[in-house]
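Please load the model in a viewer and keep the sequence panel open beside it.

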Amino acid sequence: MTRSSLHLLKGTGYLISTVSVTLLAVVSWDSASKRPLLMACLLGGAATSIIGMFCRWLSYEIEKRQEERR
């Protein structure tokens, strides 16, 4: 596998994980919306998971660009 195909695979994996978190949050919404603390935990957990995946993807982008400059 080439470097760019590995990079694309990583990005695709993070996108799939983001969709998965979103789908799980949608399924849980009805139950969580009845209690404010559960709703806050659901939204906070989904948001932090997606932000974490974005940060990891961004780190790969930065590494890739640094390697391309060399």
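Which residues of α1 are buried? They are H7, G11, Y14, V21, A25 and A32, where buried means under 20% relative accessible area, exposed over 50% and partly exposed in between (1.4 Å probe, protein chains only). This is a predicted model, in which local features need pLDDT of at least 70 and side-chain atom pairs count only at pLDDT 80 or more, while totals for chains, interfaces and linings use all residues. Residues are numbered from 1 along each chain as its sequence is written, and side-chain values use heavy atoms, with hydrogens and water left out.

**The whole chain**

The chain has two helices and zero strands; helices (H or I, at least four residues) and strands (E, at least two) are DSSP runs, numbered from the N terminus. The radius of gyration is 16 Å, well over the 11 Å that the globule rule gives for 70 residues, so the chain is more spread out than a compact globule. That radius is taken over C-alpha atoms, and the globule rule is 2.2 Å times the number of residues to the power 0.38. Along the principal axes, the trace spans about 55 × 20 × 10 Å. Of the 70 residues, 14% count as buried.

**Helix α1**

From first C-alpha to last, the 30 residues of α1 reach 42 Å, close to the 44 Å expected at 1.5 Å a residue; the expected span is 1.5 Å times one less than the number of residues. Centre the view on V26 to find a kink of about 30°, the bend being the angle between axes fitted to the seven residues ending there and the seven starting there. The buried residues of α1 pack against α2, contact meaning heavy atoms within 4.5 Å.

**Helix α2**

Move to A32. Leaving aside neighbours within four places in sequence, A32 is in contact with L38, M39 and L42. L38 belongs to α2 and is partly exposed, with a relative accessible area of 36%. A distance drawn from L38 to Q66, C-alpha to C-alpha, covers 42 Å for 28 residues of sequence.

Finally, select H7 in α1, which is buried at 11% relative accessible area. Beyond neighbours within four places in sequence, H7 is in contact with Y60, E61 and K64.

E61 also counts as buried, at 13% relative accessibility, and forms a salt bridge with R65 whose closest N and O atoms are 3.4 Å apart. A search of the whole structure finds one salt bridge, defined as a side-chain nitrogen of Lys or Arg within 4 Å of a carboxyl oxygen of Asp or Glu. Both partners, R65 and E61, lie in α2, four residues apart, about one turn of the helix.
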